[in-house]
Amino acid sequence: MEQPIVEVRHLNSFYGKSSFSKRRRQILKDVSFCIYRGEILGLVGQSGGGKSTLAKALCGMLTDYTGEVILHTEKPQMVFQDPLGSLNPAHTVGWSLEEPLRLQGKSRPERQRAVREILQRVGLDDSLLARYPRQLSGGQCQRVAIATAVIGGRELIIADEPVSALDVTTQAQILRLLAELKQEYHLSYLFITHDLNVVYQICDRVLVMQNGEIVEQNTVEALFSNPQHPYTKQLLDD
């Protein structure tokens with residue numbers, strides 16, 4: 001068994017400013033799991049069920065919680081559903097790709113060399129470096145967003161519905177790219193999606209979340225062939 005890259009222990013999160021407020025609502029309920037090095041862990045469940053809240057907790061964007069989030073690596077990098085919205089519209093593709101390396105103090109020649117290498121690896125041409133996100137297709141934007149996540153050397157990527165806004169052909173291309181990058185760069189993913197077909201294609205294990213609780217977790221093969229929880233069976237039947 002690989003070592004965990006993330007351990008989540010008895011995580012509870014809340015929405016609302018005060019513990020005495022009637023509006024204070026619990027979102028995550030005693031959530032515990034691990035992400036192991038080199039695996040793609042799927043997270044499925046209905047909209048509003050707590051998936052994005054969990055992602056925010058792993059990224060340090062959520063502070064109102066109890067329990068533990070133990071990272072055995074740097075803070076994760078996010079890849080979002082809307083790649084156009086995750087890229088800075090005021091900056092070119094080249095600038096966005098260089099920014100993680102600029103923050104690391106890399107020299108300009110080092111940055112430019114690394115940017116060209118990763119751009120080629122994700123299947124994009126150097127001519128895109130001078131373009132702005134609005135000048136790219138959805139698939140090109142998502143490839144740039146993935147390249148930006150990988151180029152800074154992060155080991156853990158949280159992909160939040162990264163292919164749901166793309167057409168079927170582009171979805172397949174992006175899923176294949178993510179799987180290849182996992183092998184080449186020794187990455188681990190938390191892959192958030194509502195699409196169980198995508199989970200079956202790319203994930204090693206899967207968590208099923210309902211109303212802020214993990215109601216089932218298993219390998220993809222075991223979960224698809226023999227689901228245990230009624231909600232998992234419902235998802236598979238839909």
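Colleague: What makes α5 roughly parallel to α6?

Modeller: In this predicted model, the axes of α5 (residues 138-151) and α6 (residues 168-185) cross at roughly 15° and come within 11 Å. Angles under 35 degrees count as roughly parallel, so α5 is called roughly parallel to α6. The crossing of α5 past α6 is right-handed.

Colleague: Which residues make the contact between α5 and α6?

Modeller: From α5 come Gly-139, Gln-142, Arg-143, Ile-146 and Val-150. The α6 side includes Thr-170, Gln-173, Ile-174 and Leu-177. By class, the contact has 7 nonpolar, 4 polar and 1 charged residues.

Colleague: Why is Thr-232 called buried?

Modeller: Thr-232 has a relative accessible area of 2%, and buried means under 20%, so Thr-232 is buried. Thr-232 belongs to helix α9, residues 230-237. Leaving aside neighbours within four places in sequence, Thr-232 touches Val-208, Glu-216, Leu-223 and Pro-227.

Colleague: How do you know that the buried residues of α9 line one face of the helix?

Modeller: These buried residues are Tyr-231, Thr-232 and Leu-235. Seen down the axis of α9, they fall within an arc of 100°, so they line one face. The face turned away from that buried side carries the exposed residues Pro-230 and Asp-237.

Colleague: What covers the buried residues of α9?

Modeller: The cover includes the strands β3 (40-44), β8 (205-210) and β9 (213-219), along with the helices α7 (196-202) and α8 (220-225).

Methods. Residues numbered from 1 in each chain as written. Predicted model: local features only at pLDDT ≥ 70, side-chain atom pairs only at ≥ 80, totals over all residues. Heavy atoms only, no water. Helix = DSSP H or I, 4+ residues; strand = E, 2+ residues; numbered from the N terminus. Buried < 20%, exposed > 50% of the residue type's maximum accessible area, 1.4 Å probe, protein only. Contact = heavy atoms within 4.5 Å. Arc of directions from axis to C-beta. Axes fitted to C-alpha atoms, helices over the stretch in contact; angles between N-to-C directions. Parallel < 35°, antiparallel > 145°, perpendicular 65-115°, else oblique. Left-handed = near helix turned anticlockwise from the far one by under 90°. Nonpolar A, V, L, I, M, F, W, Y, C, P; charged D, E, K, R; others polar.
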